Amino acid sequence: MIQKKVCMVGVFGTGKTSLVQQYVHTKFTDKYHSTVGVKIDRKVVSVDGTDVTLVLWDLAGRDPQQDVGASYLKGSHGVIYVGDGTRRETVTDLDDLLRVATAAAGPVPSVTAINKIDLTEQWALTPEDYQALVKRGALFRTSAKTGEGVEEMFLQLARFLIVPKAGA
Amino acid sequence: MTDVSAASRSSDAPRGKGAEATLTPPHVPVVPVPPVAGGAPVAASASAPPPAPVDPRVAEMAELKRLLLDAERARLDANEARLEANLLTPENLADRLPEAIVLRASQDKQLARALAPTVEAAIGESVRRKPGEFADAIFPVLGPAIRKAIAETMAELVGSINRAMQHSFSARGLSWRIESWRTGVPYAQVVIKHALVYRVEQVFLVHRETGLLLAQAHPPHLQVPDADLVSGMLTAIRDFVGDSFSGEKEVGGLRTFSVGELTVMVEQGPRAVLAAVVRGQAPESYVRRVQETIEGVHAQFASALNEFEGDTSAFESVQPLLEDCLVTVLETDPPAGKKVNTTPYVIAVAAVVVLLIAWMMWQSTRWSRVITQLRATPGIVVTEAQRGWRTHSVRGLRDPDAPQPNAIFVAAGYDSVRVEQQWEPYLSLQPTLVLKRVARRLGAPQPGTPSYVLRGDTLVVVGALDAVWLARVARRVTWPAGVASVDLRAAQPVMPAALASPADSLVSGRVLFPAGTSQLDDAAYAVIRGAARQARKLASALGADGVSATLTLTGRADATGTDSTNASLSRERADRVRRALEAQLREGAKTPAVRYDPKGVGTAEPLPASDSTARARMNRSVSFDVRLTIDAPSGARPQ
Ligand SMILES: Nc1nc2c(ncn2[C@@H]2O[C@H](COP(=O)(O)OP(=O)(O)OP(=O)(O)O)[C@@H](O)[C@H]2O)c(=O)[nH]1
Ligand SMILES: [Mg+2]
């Protein structure tokens, strides 16, 4: 069995825990319980016929100034960056978080989720913000509430982690 | 009585005279010797010197002697010669000694007894004069035995002292005292009885860096929690403790912690961690077993641990080792006559001795550990390692991309001046080294950070990466040692940083339409002209580098009207912009190679805006985006 360690990184309250809950248990709650330390969950995905266990480390939200918790990131095979589309600064802070996380985990594959797309009225990102983000590579618009984009986002990361077998 | 009779029987006459004086009258001689008349002439003839004058009788006598005694004399002479030959000369002795010793030793123990004092003295003398040589000679025999004995004694001593100490002061100790008083069982027995009951309920082997579970074992009937999660949490707890209680977490790390009735014992190795979940109190000897197991795992699975990328199938055969750690010890009576001697002097002396020996053992363990670490480091091959009293020497091979061996020595606490090192350069084909070489040679894309994986000799590049850089990688024909070909299927090309500004102005342009139509007005044409300019710049720059650009044109409609009219209207808008754009691009000196991908989404993917009028206006539009693909390199790729 192939296992991969994946860390969820993002500012407080962007929906890291909610994304994992939605993905693993198909559950969502409006209540906000801020994560302390780390919470670990697990899900088996099948990528082109190969089963891979994603061990999901849901880290406590952090602002980029404090880099404690870098040791949790050590040894990650992949990182999921989560921003909140209704709070613009949580998205712009992702650049700093990327630097902190890359220093700890090394240049591992990553995807970026801009979460809470169901809240269109409160959407704070301009199309230009979004276009700037696209350049980061694998970008997903997700909603932990409706489940939109969640499955696809995790699957894309799994695809990065399970690299194709040689000589196909 | 027996004494007296023995004395009287064995005593000969002259000495017995005094002893038996009371039995025999003194005046009576015991052995009367009367003069005998015939005796004197016989004695005289035998001892008389020969008369001086030559007498014919004498000559006759000599002749007679010769005739009678000559044969005897010859035999006597021969015997004398033989005796001479059998005398104990060193030469003779050297010939016969081994046989003689064997012969005698097989008969009785007399020889050994006789030799013992001399041999003892000789050994004593030898030890006094050349202690070093003597120690060298017997070390191979004694070393392991001594170590084993000390380790056992130490463990037992420390373990029993620990237990007795802990229990006499804790609440449990108090309850055991009560139990002892209530049942009449001696306190020591109550302590040992309780202390020995433990059960190992689960054993985890966890990859140290990632916290991923490599293997686990538990008794067949027992219900246990999800091992993957426990192993992750275990690592998280370890990281947390490491972060919270010391700057460097390599220093000590977490050894045990408790959850309710369970104690988790954690033994860390350089690459993996073994954790045993114990109900009850495990003795010191169990800690050693866990240590030995993690050492064994490192020895047996060294390369699998080094190269672990998430695939646990390499660790299936570790199972029996873990199962050996599943111990259940039920209440057993303590061995009779074993009492803890708590005399402070004994403990103090024992502690000093133990510390001394431990220090010496630590020195040699430290060295073998650092050498093991060097050997386990990819890209370093140790061919020779010598530990001296003060200075040490190491030689071997080192890949230029391997870590500095000196840093490893310094980290292990060695003074780098004291370790003489000689490293010959070589190229390692170990995956980590190959990947380091690759990263150095391929350089850094702008933007993106590539991840590399080696599948055999195929390099797999992963990530969202600068398209031009990717195209160059795809075209590359010579590879660093260890790589023969490249697989870019897991890489996603993104706009290179150098082209960010034309790309930005292209995608931020938006062609707007009046309600319900796909007619282009002057403002629309202006936007299209601008887009064409940027598209030409992009396509020509990218094309030269082997990257193809596809322009996606997304047509939208506002929320009024039916879905089907909106769908066709938005598609019409996209097609119309595409035609105008294509015409613009054809007008220049050279038509750039651009592909088009027009689509109409109707109202499905609305652009967000602050209020509804603005939103309606913004969504009667066509917006641009660029998708990049890497052209297949011309010519055959090297196999
Ligand atoms: N409407 C909506 N609410 C969301 C979504 N995702 C999360 N939330 C809400 O946002 C709040 C924070 O979500 P969490 O998942 O706890 O956020 P977190 O990133 O784990 O927060 P920390 O653990 O404090 O870093 C909760 O009240 C969630 O209900 C979403 O997609 N849509
Ligand atoms: Mg959380």
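Analyst: Here is a tour of the model, one topic at a time.

User: Ground rules before we start?

Analyst: It's a predicted model, so local features need pLDDT of at least 70 and side-chain atom pairs count only at pLDDT 80 or more, while totals for chains, interfaces and linings use all residues. Residues are numbered from 1 along each chain as its sequence is written, chains are lettered from A and ligands numbered from 1 in the order in which they are written, and side-chain values use heavy atoms, with hydrogens and water left out.

User: OK, metal first. What coordinates the magnesium ion (ligand 2)?

Analyst: T17(A) and T35(A), each through OG1, at 1.9 to 2.0 Å. Donors here are N, O and S atoms within 2.8 Å of the metal (3.2 Å for Na, K and Ca), and water is not among the atoms, so sites may look incomplete.

User: Where in the chain do T17(A) and T35(A) come from?

Analyst: T17(A) is in helix α1 (residues 16-25) of chain A and T35(A) is in the loop between α1 and β2 (38-47), 18 residues apart. Helices (H or I, at least four residues) and strands (E, at least two) are DSSP runs, numbered from the N terminus.

User: Is T35(A) buried or exposed?

Analyst: Buried, with a relative accessible area of 16%. T17(A) counts as partly exposed at 23%. The cut-offs: buried is under 20% relative accessible area, exposed over 50%, partly exposed in between (1.4 Å probe, protein chains only).

User: Now the chain A sheet. What's the strand order?

Analyst: β2-β3-β1-β4-β5-β6, an open sheet of six strands with mixed pairing. β2 and β6 (139-141) stand at the edges with a single partner strand each, so one side of each has no neighbour in the sheet. On average, neighbouring strands are turned by 25° against each other, direction ignored. Two strands count as paired if DSSP finds at least two bridges between them.

User: Which strands run antiparallel there?

Analyst: β2(A) and β3(A) do, joined by ten bridges, with K43(A) having L54(A) as a bridge partner. They form a hairpin with two residues between them, and D48(A) in the turn has a positive phi of about 45°.

User: And the parallel side?

Analyst: β1(A) runs parallel to β3(A), with seven bridges joining them. Strand β1 (residues 2-10) also pairs in the parallel sense with strand β4 (residues 78-84) of chain A, over five bridges. M8(A) has bridge partners in both: D58(A) in β3(A) and I80(A) in β4(A).

User: How buried is β3(A)?

Analyst: Eight of its ten residues are buried, so β3(A) is largely enclosed by the rest of the structure.

User: What about helices against that sheet?

Analyst: α1(A) lies across β1, β2, β3 (50-59), β4 and β5 (110-115) of chain A, at about 45° to β2(A). Helix α6 (residues 150-161) lies across β1 through β6 of chain A and runs at about 170° to β5(A). Contact means heavy atoms within 4.5 Å; axes are lines fitted to C-alpha atoms, for helices over the stretch in contact, and angles run from 0 to 180 degrees between N-to-C directions.

User: Switching to chain B, what's its sheet like?

Analyst: It's an open sheet of three strands, β7-β8-β9 (chain B), with mixed pairing. The twist averages 15° from one strand to the next. Strand β8 (residues 392-398) pairs with β9(B) in the parallel sense over seven bridges, and S393(B) has E420(B) as its bridge partner in β9(B).

User: How do the chains meet?

Analyst: 42 residues of chain B are in contact with 36 residues of chain A. About 3400 Å² is buried between them, 57% of it from carbon and sulfur atoms. That's the accessible area (1.4 Å probe) that two parts lose on being put together, summed over both.

User: How many salt bridges cross the interface?

Analyst: One. The side chains of K4(A) and E309(B) meet at 3.7 Å, N to O. The rule wants a side-chain nitrogen of Lys or Arg within 4 Å of a carboxyl oxygen of Asp or Glu.
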